[in-house]
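Subject: Structure handover

Hello,

Here is the structure I said I would pass on. Please open it and keep it in view while you read the notes below.

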Amino acid sequence: MPDFLTQLSKLLSRVSLTLAAAGLCAMTLIITWQVFARYVLNASPSWTEQASLLLMIWFIFLATAVGIRENFHIRITAMVDPLGSKARRTMEIITHVIVGLIGIGMILWGVQLTGYTWPHNIPTLGMSRGFAYIPVIVSGLMIAFFALEHIFAAIKGQEVEPLWN
């Protein structure tokens with residue numbers, strides 16, 4: 001994969017992980033406010049549950065895509081470990097092709113789902129319900145891109161360098 005695409009991948013991964021962490025922190029603050037308002041002020045705000053759910057959808061899908069690039073997703077290697085290096089590399093490429101196809105499916109069906117739900121509003125937030133499904137599309141794009149990066153690396157007999165190094 002060209003160097004500028006590798007750098008873009010690292011940047012995209014880092015930004016997505018940062019946004020996911022910020023979303024988790026924001027959701028924690030919103031839930032804290034909801035509990036305080038309910039039990040101390042006796043006036044639970046109506047918007048907090050939907051806002052926290054919306055944030056959770058966003059940060060989970062962003063973190064999922066980053067998990068593909070960083071290889072911290074769940075996988076079973078019992079069938080691959082005993083294989084020789086060439087067969088292992090072939091299996092790795094096949095796995096990443098499947099993951100990339102799943103990402104493409106997320107894009108296609110995410111666009112449909114977002115379009116179907118866009119006319120409906122989230123009453124407590126005053127925004128389109130379709131906004132909750134945009135992360136499916138964004139995550140699908142990133143998953144397909146990250147899978148492609150892994151495929152190119154595997155073809156060269158290399159590993160994708162994680163952010164942690």
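Start with a salt bridge: the side chains of Lys10 and Glu161 meet in one, at 3.5 Å from N to O. The term stands for a side-chain nitrogen of Lys or Arg within 4 Å of a carboxyl oxygen of Asp or Glu. Lys10 lies in helix H1 and Glu161 in the segment after H4, so this pair ties together parts that are 151 residues apart in sequence. Helices (H or I, at least four residues) and strands (E, at least two) are DSSP runs, numbered from the N terminus. Lys10 is buried at 17% relative accessible area, while Glu161 is partly exposed at 41%. Those words have cut-offs: buried is under 20% relative accessible area, exposed is over 50%, and partly exposed is in between (1.4 Å probe, protein chains only).

A word on the source: this is a predicted model, in which local features need pLDDT of at least 70 and side-chain atom pairs count only at pLDDT 80 or more, while totals for chains, interfaces and linings use all residues. Residues are numbered from 1 along each chain as its sequence is written, and side-chain values use heavy atoms, with hydrogens and water left out.

How many salt bridges does a search of the whole structure find? The search finds three. Besides the pair above, Arg69 and Glu70 meet through their side chains at 2.8 Å, N to O. Arg69 also meets Glu149 in a salt bridge, here at 3.2 Å, N to O. Arg69 is in helix H2 and Glu149 in helix H4, so that pair ties together parts 80 residues apart in sequence. Are Arg69 and Glu70 buried or exposed? Both are buried; for Arg69 the relative accessible area is 1%. Glu149 is buried as well, with 4%.

Leaving aside residues up to four places away in sequence, Ser9 touches Arg69, Phe145, Phe146 and Glu149. Contact here means heavy atoms within 4.5 Å.

Now the aromatic rings. A pair of aromatic rings is described by the distance of the centres and the angle of the planes. Rings of Phe, Tyr and Trp (its six-membered ring) pair if their centres lie within 6.5 Å; planes under 30 degrees apart count as stacked, over 60 as edge-to-face and the rest as tilted. By this rule the count comes to three aromatic pairs. One of them is Trp58 with Phe131, a tilted pair with 5.4 Å from centre to centre and 40° between the planes. This pair links distant parts of the chain: Trp58 sits in helix H2 (residues 48-70), and Phe131 in the loop between strand E2 (127-128) and helix H4 (134-155), 73 residues apart. Trp58 is partly exposed at 22% relative accessible area, and Phe131 is partly exposed at 30%. Phe145 and Phe146 form a tilted pair too, with 5.9 Å between centres and 45° between planes. Phe145 is buried at 18%, and Phe146 is buried at 0%.

Twelve residues line it, and the closest to its centre are Thr6, Glu149, Ala153, Gln158 and Glu159. Helices H1 (3-39) and H4 are the elements that give two or more residues to this lining. On a 1 Å grid over the protein atoms alone, a pocket is an open set of points where a 1.4 Å probe fits, with protein on both sides within 12 Å along at least five of seven lines; lining residues have an atom within 4 Å of a point.

Last, two exposed residues. Trp164 is in the segment after H4 and counts as exposed at 54% relative accessibility. Trp164 touches Leu17, Glu70 and Phe72, not counting residues up to four places away in sequence. Leu101, in helix H3 (residues 85-117), is exposed at 53%. Leu101 and Ala147 are 46 residues apart in sequence and 9.0 Å apart in space, C-alpha to C-alpha.

Regards
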